[in-house]
Each structure stands twice: as C-alpha cells, then as structure tokens.
Amino acid sequence: MSDPFVIARSDDGKDLYLLLQMANRHGLIAGATGTGKTVTLQVLAENFSRLGVPVFMADVKGDLSGICQPGGENLKIDQRVQQLKISGYSSQGFPVVFWDIFGEQGHPARTTISEMGPLLLGRLLNLNDTQEGVLNLVFKIADDNGLLLIDLKDLRAMLQYAGDNAAQFRTAYGNISTASIGSIQRNLMALEEQGGEKIFAEPALNLDDLLQTDRDGRGVINILAADQLIRNPKTYATFLLWLLFELFDQLPEVGDREKPKLVFFFDEAHLLFNDIPRGLEEKIEQVVRLIRSKGVGIYFVTHNPLDVPDVILGQLGNRIQHALRAFTPRDQKAVRAAATTFHTNPKVNVEKVITELGVGEALVSLLDEKGMPGIVERALIYPPQSQIGPIDPAQRQSIVRQSLLYGYYEKIINRESAYELLQKRVEKIQENEAKAEVAKPMGSQLARSIIRGMFDPIFRSKGTLKSKSICNELEFPDLEEGNHIILKSNAKLVPVGKFPELPKPKWIDEGRWKVIKILEQDFIGIHLANGPIPREYPCYTRRCFIKSICPKAGGEFFDPWRNELGMTKEEHRLNNIEQLRHREESELIFPKILKNPE
C-alpha cells in the first residue's frame with residue numbers, strides 16, 4: 001500500500017492524511033476568493049508529484065507556474081512552518097510541463113474537430129437543439145464519406161458541401177436545414193475571431209504525454225496556461241471537458257490501484273456547469289462515476305459547493321472547504337448546504353465555523369481506508385515546498401525549450417483532410433465541364449444544321465402550331481416516363497448539372513426535359529425545370545417556363561406547377577401556345593435520351 005501524505009493539521013494537533021489509494025475517489029476544494037484555494041491545490045499537486053502521480057491543472061490566474069521552483073524566503077511560509085511545528089521542512093521545485101492553447105506560454109495544446117465531436121462542439125458554438133442535430137448529420141456524412149475533420153476550414157467546407165447537397169442527403173440522413181447551416185457558419189466565424197481556430201490543428205495532444213514521470217520517479221505536473229483562455233469561459237470549459245472525455249474513452253480499465261495514474265484538477269469548475277445542456281451534464285455525471293476505475297481522480301475547485309450538481313457532488317469523497325462569506329441569502333444557503341455534506345463532528349459547529357475560517361484554514365474531511373468519509377476537522381493547510389506565485393517569462397520559456405516535447409507540438413501538420421478532398425472534387429468537376437464545353441460546339445453546330453433543315457418550315461410558320469407534324473417526324477426509341485431529354489435553345493450558354501460549387505445561374509440555356517406523361521404515341525408531355533428546382537431534381541436550375549410539346553390536335557395541356565397559381569387547363573393550353581408562337585426563332589434539338597441522368 002502506498003504511503004499517505006499530510007495535507008493539514010487540526011486544531012488539536014492531529015495530522016490529516018489523504019490516502020493515495022483513495023485519491024481516485026475524487027474531491028472538492030471550495031471557498032471564497034482569497035481564502036487559500038490555490039495554495040491548497042499547489043500543496044496537493046506537490047504531494048501527488050512526489051509520490052509518482054502525474055497531475056494536470058489549469059492555471060487561470062497565472063500564479064501556479066512557481067511550482068517548478070524551490071520556495072525562497074517567504075515570511076508567511078516561515079510562520080506557518082513554526083505554527084504547525086513541522087520538522088524537516090525544506091524547499092524544492094517539481095517537474096513541470098507547460099501547455100498553452102495559443103502556443104505562447106507553453107507547448108501548443110490542440111485537438112481536432114473529429115476528436116472533439118458534435119456534442120462538445122455544439123456547446124462551444126452555442127447551438128440550439130435543431131442546429132446541434134444538423135451538426136450531428138454533418139459529422140455522420142463526413143464519416144461515411146471518409147472526410148477527416150481536423151480544423152475549422154474542414155468543418156466549414158463540410159457544412160457547405162452538406163448544404164449544397166441537402167436534397168441528395170435528405171433520404172439517407174434526414175432534412176438538413178440551410179438556415180441551420182448558415183447559423184453554424186456564423187458561429188464558426190465568431191469563434192475564429194476569438195482565436196478559437198488555434199484549438200483545432202495537428203498534432204493533437206497525445207494523452208500519454210500527460211502521464212509521464214521524471215528520472216527520479218516524480219510525477220510530471222502539467223500546467224495549462226489559462227489566463228487568456230479564461231476570457232472565453234465556454235472555450236475554457238469545453239477544452240477541459242474534451243480532455244476529460246478523452247481520458248475516459250482512451251484509458252483502459254485498471255480497477256482499484258495503489259495510486260492514481262493521473263489527478264485532474266478542474267479549476268473554476270462553476271464555468272463547467274453554467275448553462276449546460278442536460279445531455280452534456282449526464283455525460284459528465286457518467287464520466288465522474290466511472291473514470292475512477294481507469295485510475296483518474298478528478299478534483300473540482302470552485303467558489304461554492306452549490307456550483308456543482310448534486311449528483312456529481314455526491315461522488316466527491318475528499319473535501320476541503322475554505323471559508324464562505326454569508327452576505328446574501330444565496331451565500332447563507334451555500335453555507336447550510338456545505339455544512340450538511342460533512343460527516344459531523346460534535347466538537348465542530350460547521351455552519352458557524354465555515355464563516356470564521358482564516359486564510360489557509362479549512363474544514364477537512366477525507367476518506368479512510370474503507371472508503372468512508374472521516375469526521376470533519378477544522379485545520380490549517382500545510383505550506384507548499386515550492387515557490388508561491390509565478391515565475392518570470394524568461395524562466396518559463398527556458399523550461400519549455402528544455403522539455404523533451406519541444407519541437408513536436410510547435411510544428412503544425414497540415415495533412416489531407418475534408419477541405420482538400422472537397423477541393424479536389426470541385427476541381428475535377430470543373431475540369432470535366434471545361435472538356436465538355438470544348439467538345440460541344442462542333443457536334444451542336446452539325447446537329448443544328450440538320451434539324452434546321454427539317455424543322456424550319458414548321459417553326460417559322462406564324463399563327464399555327466403544327467404539333468402533330470412534329471410528332472410524326474420525330475422518333476423517340478424506348479421512350480418511357482421518367483426519361484430525360486436534352487434541350488438546347490439559343491439563349492446564353494450556362495452549364496447546368498449537379499455541380500454544388502457553381503452559384504445559381506441567372507439564366508439557363510441547356511436544361512433537362514423530363515418526360516412526365518405519355519398519353520399516346522404522338523403525345524409527349526415534357527417539362528423544363530429551370531430552378532428554383534423541385535426537390536426531386538438534384539441540380540441547380542431556374543424555371544423559365546413549362547410547356548407541352550406535340551400535343552395531339554385538340555388535346556388539353558395541363559401544367560401542375562402553374563396550376564398552383566390557379567390557372568385552368570384551358571388557360572394553361574392557351575398560355576403554352578402563346579409562348580410557343582413567340583419562340584419562332586427557337587431551335588429544338590433532341591440528341592439523345594438519358595436513361596439514368598446523373
């Protein structure tokens with residue numbers, strides 16, 4: 001069994017030990033600002049490191065970096081050593097690795113879009129339920145198509161791809177709202193303006209680099225510089241949550257160990273639970289309950305015990321409660337709540353004492369060897385052996401450069417991912433279109449010459465539509481309902497097709513005419529869809545008009561789209577004939593039937 005370590009001494013001179021095998025049962029350090037929480041955190045981190053347990057903690061005020069240097073002459077430390085009558089006290093520094101999302105005060109700590117996942121990313125982007133649902137669909141489409149999401153440009157490209165092809169994905173994945181896509185894109189822009197793009201890149205943080213010991217067997221203390229990150233509380237909380245979830249997902253089950261594999265301090269824990277969705281809160285509850293079996297202890301550091309949900313608060317076995325100020329009704333409620341969570345001690349009136357505690361003094365209750373909470377004791381926290389307060393920037397940079405990790409995380413890797421793959425698809429489509437445009441004129445001119453000779457007399461006749469003659473002269477082999485026919489007119493040339501990278505064309509020259517009905521051998525009902533396209537057509541077009549070709553003499557023309565405007569069948573027929581009369585200059589070419597148009 002590993003040795004316990006002393007963290008405080010009670011008023012009656014009893015040392016209070018934290019058992020190392022119980023350290024993965026989690027804990028809470030609470031108290032008002034200026035009551036000594038940061039120093040308590042430092043004392044715990046030092047002792048875990050000394051016993052070979054790696055530590056991760058966020059430095060939100062910038063004053064934890066001194067843990068790497070021996071404590072110098074400090075009057076308050078000397079007074080506490082004398083007050084507690086500590087024998088053999090000595091100053092020493094501890095091994096540290098500095099991390100910084102922005103890469104300025106430590107090794108860059110990054111993740112990827114795929115690793116963070118839609119749940120945490122939805123919270124980071126402040127999305128509503130509908131937008132989170134769309135984001136989940138986008139992640140699913142990316143996974144199914146082998147498109148890796150690494151950074152924000154990958155996610156933006158994937159969102160655009162999903163929005164442009166929403167009709168194509170609707171059947172397999174569900175409705176993808178373009179409005180939701182737009183909202184997500186706007187929130188991504190806001191995140192970029194706050195520097196959030198620096199979170200997402202490769203190489204991503206390797207968890208094994210957090211679980212290191214030095215050559216003397218001491219656990220490495222990993223310190224995340226969070227004094228800038230904390231300015232965006234949601235980004236701060238989301239990144240630490242991602243790290244916690246990754247530890248839970250990747251570390252193997254180890255059961256009860258003599259000592260933890262890692263102790264994780266979550267400072268300013270109230271930020272974690274502010275405006276948190278219920279689904280995410282349930283995920284945190286699950287992680288806190290189960291991660292101890294993977295050898296990880298979680299310690300929440302916050303102002304008020306009420307900042308932590310009751311379900312999670314009940315999982316925190318080791319408690320250190322610094323002073324609370326009961327100036328408001330909520331503060332008074334917090335005092336009563338904190339008092340009821342301790343194993344009562346008849347010698348200590350917790351509700352009264354909790355408001356009288358001095359700086360560096362706390363109510364302490366730790367788990368015994370059976371996992372039972374010990375009775376609460378009023379005690380003074382032991383002084384740290386390392387420097388209290390920050391080191392200067394030159395010292396920090398020197399430690400970063402001497403680290404074995406230096407040079408690995410500093411160099412960004414930009415491998416092929418969703419953005420590059422989608423760009424290649426666009427370029428290939430554009431290349432094919434360019435080839436088609438080059439090959440088109442020769443065949444089109446020849447066909448025009450042939451058809452013009454055949455149909456000039458018909459189309460140049462005024463006032464009469466000789467549709468039956470057209471039908472008799474044209475042959476459509478194997479024509480079936482649902483076939484597509486290519487139509488060309490003498491309007492401006494604009495490519496049409498399933499090209500998501502193209503903007504919506506202003507005018508259409510070449511479109512697909514779809515056979516909608518076959519009444520008799522000499523009647524072909526077809527329509528030209530020139531956008532906004534009906535849902536069943538996977539292409540960008542703009543509807544110009546809809547007409548019937550070759551109606552049988554005396555037959556009726558019916559247009560279901562115009563019918564939505566309240567037009568009668570007769571009005572449809574007359575309107576159609578009138579349009580054809582004004583298109584005497586048109587040249588209709590039917591070069592081929594497309595059985596399965598793409």
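Strand β3 (residues 27-30) runs parallel to β10 and is joined to it by four bridges; helices (H or I, at least four residues) and strands (E, at least two) are DSSP runs, numbered from the N terminus. Within this pairing, I29 has I320 of β10 as its bridge partner. The model is predicted, and local features need pLDDT of at least 70, side-chain atom pairs count only at pLDDT 80 or more, and totals for chains, interfaces and linings use all residues. Residues are numbered from 1 along each chain as its sequence is written, and side-chain values use heavy atoms, with hydrogens and water left out.

Both strands belong to an open sheet of twelve strands with mixed pairing, in the order β2-β1-β12-β11-β10-β3-β9-β8-β4-β7-β5-β6, where two strands pair if DSSP finds at least two bridges between them.

The axes of helix α4 (residues 129-144) and helix α5 (residues 152-164) come within 10 Å and cross at roughly 95 degrees. The two helices are therefore roughly perpendicular to each other (angles under 35 degrees count as roughly parallel, over 145 as roughly antiparallel, 65 to 115 as roughly perpendicular and the rest as oblique). On α4 the contact involves L135, V138, F139, I141 and A142, and on α5 it involves L155, M158, L159 and A162. By class, these residues are nine nonpolar, no polar and no charged, with Ala, Val, Leu, Ile, Met, Phe, Trp, Tyr, Cys and Pro counted as nonpolar, Asp, Glu, Lys and Arg as charged, and the others, Gly among them, as polar.

Cavities and pockets were defined on a 1 Å grid over the protein atoms alone: a cavity is a set of points where a 1.4 Å probe fits but cannot get out, a pocket is an open set with protein on both sides within 12 Å along at least five of seven lines, and lining residues have an atom within 4 Å of a point. Grid points are joined across faces, edges and corners, and a volume is the space filled by probe spheres set on the points. Three cavities of 30 Å³ or more are found in the whole structure. The second largest cavity, with a volume of about 40 Å³, is lined by L28, P305, R319, I320, Q321, A338, T341 and F342. Strand β10 (residues 318-321) contributes the most to this lining, with three residues, and the lining comprises five nonpolar, two polar and one charged residue.

The second largest pocket has a volume of about 700 Å³. Its lining holds 33 residues, among which T35, G36, V39, V359 and G360 lie nearest the centre. Helix α1 provides the largest share of that lining, six residues.

Notes. Axes are lines fitted to C-alpha atoms, for helices over the stretch in contact, and angles run from 0 to 180 degrees between N-to-C directions. Contact means heavy atoms within 4.5 Å.
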